[in-house]
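Here is a short walk through a two-chain model.

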There are 2 protein chains.
Amino acid sequence: MNGADRLCDVLLANDVNVCFANPGTSEMHFVAALDRKPEMRCVLGLFEGVVTAAADGYARMADKPAATLLHLGPGLANGLANLHNARRARTPMVNVVGDHATYHLGYDAPLTSDIESLARPMSHWVGRATSAANIRAKAEEAYIAAATKPGISTLILPADAAWGEVEEEPLQRVTLPSRPEVAPEALRAAVAALRSGRKTAIFLGGRATRADTLEIAGKIAAGTGAALFTERAPRWQRGAGRVFPKPVPYNIELAVAALKEFETAILIGGRAPVSFFAYPGKPGRLLPEGCEVIELAGIEHDLQHVLDMLADELGTRHLGAAQTGAFTARELAAPTGELTPAAISVAVARALPEGAIIADESITSAGRFLELAPHMAPHDHLPLTGGSIGIGIPLAAGAAVACPDRKVVALQADGSGMYTVQGLWTQARENLDVLTIVFSNRGYSILKGEMRNVGVNDFGHNARRMLEIEDPTLDWCSLAKGMGVEAARAETAEEFTKLLDAGLSRRGPYLIEACLA
Amino acid sequence: MNGADRLCDVLLANDVNVCFANPGTSEMHFVAALDRKPEMRCVLGLFEGVVTAAADGYARMADKPAATLLHLGPGLANGLANLHNARRARTPMVNVVGDHATYHLGYDAPLTSDIESLARPMSHWVGRATSAANIRAKAEEAYIAAATKPGISTLILPADAAWGEVEEEPLQRVTLPSRPEVAPEALRAAVAALRSGRKTAIFLGGRATRADTLEIAGKIAAGTGAALFTERAPRWQRGAGRVFPKPVPYNIELAVAALKEFETAILIGGRAPVSFFAYPGKPGRLLPEGCEVIELAGIEHDLQHVLDMLADELGTRHLGAAQTGAFTARELAAPTGELTPAAISVAVARALPEGAIIADESITSAGRFLELAPHMAPHDHLPLTGGSIGIGIPLAAGAAVACPDRKVVALQADGSGMYTVQGLWTQARENLDVLTIVFSNRGYSILKGEMRNVGVNDFGHNARRMLEIEDPTLDWCSLAKGMGVEAARAETAEEFTKLLDAGLSRRGPYLIEACLA
């Protein structure tokens, strides 16, 4: 057997059995090896940004890494923007990036580039197999790093390491190191703060935004008066009956206002919030001056265990379920008339089936979702974690690969959607149960707002040419059709609701182009 | 005025007056500055891979750099694969990459990343403005590097450098340093080799593949018996009446065979050829053992001057024009029947208008073009220089921006075309005179060949799923329509010829989906 076979075997031995891929010549031995392993599911993306975002969506829902297969430096480069998002989500992922044969690198052949330099900014672990003999060690190291940090591992696979021969040997699943314990003094400080009566905010992230851990956090909040926030969690279980932490607003004034009263911040998987961007004369840190920050637990800890310890210390376990109101469809009137983002939010809130997964790249369009989320049927919400646009369509595809029995609803801004529009083809190829809703506002609306933030209200020719996506208008139904996804257009709330019902009641990919008023 | 205004002024003072852009929040002050400069033409790409490839196509044809505007690390990352190609083409380009305000970087806000690490592998020069005060110096340095190395300059522009105030000051065009002289001993060695009667190959690259320099090289070859080769030149002027150097074949056996007789290689803008990929047991260097390599001139030299000096030394100036045969349409019978790549090549060869620009990302489909090229009307040929797929559609767009009066014909493989399919929208937005011919073979055909090269002839499920682009079939007419480009489908040679004539006789973007038999 060769090194490529060994790599596949290590992945499979560790239950990594989905490979999102876009291969090239230097990976042909790996492709041949994958072809000998029918237990590995290979999912083709027609662009590497699709590959990495799909791997992100998959791992957020499957709670285990997928592999990706990327072709040399340029193939990795194409996947980097969504690796950036996955890095911010702390998604476990094992990227396999092919490289030229070791002895070929010195020739500086056309496709040669410094893969390590490209990989490091978006990876938590970067390594290189130097021969077939050390592929097992490197692959296991990559897997362990991905699973325990957790995060992005990028393993560079030179062609000669892939084609080199190795002896067969039995493989077993690696033993993951145990998670670190939190510092006792941090736990004591958190308990003291929560008992002190000081205004305290708890920032939840990572695993702490799942329903079970939120329930524990909700009781802590109920018992102590603390406020719960979430700081761009990768997967947030929301909906009726679930504890609902507040997200830190994107808008800097709103964020500062939301946090101005707090004297103590306790971080449990979340980070101390900072502004997304800098603005002249405005703060970077969003917590008020003098606010004490207690770094109780990071993403590397067992956050459920940390919350359990905190609840035990505080004696909040006995409290009743900290629920929000249950959803009933009749609470919300069906939207009518103009097709606005709010109308879409209401329509989706009414119709969302229990257990649905929302892949959210709605950017400026879905403010009302947030408000309605506690009243929707219980669902998973996957947001844009790193701010790099172009994740939504393939993120939805990856989530659907992980959860074939759940409906995935992608809330997709049009400008962002164009970045990885090729992901629709993967949805069609794999017959994934994804309903994509495109908010067609025909512009980079968030940037129009930001232009006003810098004092420009009257846009001239150049600004309009860069911030508007008109002349020509994108025709999303044709784009979807071109990639084998059925689609229809809605121009009123009534039309949208009808298409939404149709889209939710069928299986397989479907796209609604919501032409916003 | 602010730093962003200063940056625009420096670019304009140096005749950089086209900016291919996809901005974000951190670049809003730069967008506002561009909006105050109507003499700067801003061209929006709906994805950064479009932006960088368009800047490449523009500069190859305009012989001067365009600027690009990219949003932070992820925006740069999206543009890197085509920067890789531009780097290999030695295309002059000035990338402006926004970054967070300097003081904001320490907060590690969601969109923060190590931009320098991302930029270096694909740039010849990387710099960062540290305040508004040093933007002029940094921008001039970036421009000089781009114009003289020549190559890719990446200038990182923190938001506070963009919004910081500077005094107005008069700007003038920078003085470029003079090009280096070639080493006299290299010139003597080249002259001696060409006079010696030894089998000698001249490798032309960069500026040396334009018609005027080719004419000098052709006379040198005619007078000395040397063979002319080109090593992936960025812009190759071909067609009837022009000297036609041979390209080094991609296939390694063919390449070795083509070069096996040579005792001396003289590099004039080209490099000593190496194989694109490594294959077990096959050579990396393509020149035979013992072949002497004379590095006469690199891309940084004045290659026309070098060829002139060589011609003077060798006394070949007096020779008659070293022409190939003139093209006459009747030499080629109109293709009929099955729509094959060869039929398309013949149809285009017959119909190509003089002065056309071919943006070639046909990969496996256009072998016959090469053979027919000397018999076509004189034209410019822009190939894929770095092997990173996804350049063709936006490369054509950029060339059309540079040369609005010339027809651009994009020969586009389907798999590669999907990488930056968004470029069609830019063609429509700018009403660019581009005829795109998609070779729809519904697979990564080059990889199917490479799989056979590694000994796999029977593809299993996983290999087919990764190498074939079927199930569903892409519908390029719908994709084009979705982005505002008119399109039609041809399934026979006759249908193709008819659509080709229609496409060539109109102005503005048009796409032919050639469904290959």
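Start in chain B with helix H1, residues 3-13, and helix H6, residues 135-148. Their axes come within 9 Å and cross at roughly 30 degrees. Angles under 35 degrees count as roughly parallel, so H1(B) is roughly parallel to H6(B). The crossing of H1(B) past H6(B) is right-handed. This is a predicted model, and the values here are computed from it.

Which residues of H1(B) and H6(B) make the contact? H1(B) contributes Gly3(B), Ala4(B), Arg6(B), Leu7(B) and Val10(B). From H6(B) come Ile135(B), Arg136(B), Ala139(B) and Glu140(B). Sorted by class, the contact of H1(B) with H6(B) has 5 nonpolar, 1 polar and 3 charged residues.

Now move to chain A. Here the partner to look at for helix H1, residues 3-13, is helix H2, residues 28-35. The axes of H1(A) and H2(A) come within 8 Å, and the crossing angle is roughly 50 degrees. That angle makes H1(A) oblique to H2(A). The crossing of this pair, H1(A) and H2(A), is right-handed.

On the H1(A) side, the contact residues are Ala4(A), Asp5(A), Leu7(A), Cys8(A) and Leu11(A). They meet His29(A), Phe30(A), Ala33(A) and Leu34(A) in H2(A). The class count for H1(A) with H2(A) is 7 nonpolar, 1 polar and 1 charged residues.

A further helix pair in chain A joins parts of the sequence given by residues 48-62, helix H3, and residues 392-402, helix H14. The axes of H3(A) and H14(A) come within 6 Å and cross at roughly 45 degrees. H3(A) and H14(A) are therefore oblique to each other. H3(A) passes H14(A) in a crossing that is right-handed.

The list of contacts follows. H3(A) supplies Gly49(A), Val50(A), Ala53(A), Ala54(A), Asp56(A), Gly57(A), Tyr58(A), Arg60(A), Met61(A) and Ala62(A). H14(A) answers with Pro394(A), Leu395(A), Gly398(A), Ala399(A), Val401(A) and Ala402(A). By class, the contact of H3(A) with H14(A) has 11 nonpolar, 3 polar and 2 charged residues.

Step back to the whole chain. Chain A has 20 helices and 18 strands. How does its radius of gyration stand against the globule rule for 517 residues? The radius of gyration of chain A is 24 Å, close to the 24 Å from the rule, so chain A is as compact as a globular protein of that length. Along its principal axes, the C-alpha trace of chain A spans about 65 × 60 × 45 Å.

What relates the two chains? A rotation of 180 degrees, with 0.0 Å of shift along its axis, superposes chain A on chain B, and the RMSD is 0.0 Å. The two copies are thus related as by a two-fold rotation axis. Both copies use the same surface, since 100% of the contact residues of chain A recur in chain B.

Next come some backbone details. In chain A, the peptide bond from Asp471(A) to Pro472(A) is cis, with omega near 0 degrees. Pro472(A) sits in the loop between helix H18 (461-467) and helix H19 (476-482) of chain A. In chain B, the peptide bond from Asp471(B) to Pro472(B) is cis, with omega near 5 degrees. Pro472(B) lies in the loop between helix H18 (461-467) and helix H19 (476-482) of chain B.

Look also at Asp63(B). Its phi is positive, about 55 degrees, although Asp63(B) is not a glycine. Asp63(B) is found in the loop between helix H3 (48-62) and strand S3 (66-70) of chain B.

Finish at Lys246(B), in strand S10 (residues 246-247) of chain B. Which residues does Lys246(B) contact, leaving aside its neighbours within four places in sequence? They are Leu228(B), Phe229(B) and Thr230(B). Thr230(B) and Lys246(B) are 16 residues apart along the chain, and their C-alpha atoms are separated by 5.9 Å.

Terms used: Residues numbered from 1 in each chain as written. Chains lettered and ligands numbered in written order. Predicted model: local features only at pLDDT ≥ 70, side-chain atom pairs only at ≥ 80, totals over all residues. Heavy atoms only, no water. Least-squares fit on C-alpha atoms with pLDDT ≥ 70 in both. Contact = heavy atoms within 4.5 Å. Axes fitted to C-alpha atoms, helices over the stretch in contact; angles between N-to-C directions. Helix = DSSP H or I, 4+ residues; strand = E, 2+ residues; numbered from the N terminus. Parallel < 35°, antiparallel > 145°, perpendicular 65-115°, else oblique. Left-handed = near helix turned anticlockwise from the far one by under 90°. Nonpolar A, V, L, I, M, F, W, Y, C, P; charged D, E, K, R; others polar. Rg over C-alpha atoms; globule rule 2.2 N^0.38 Å.
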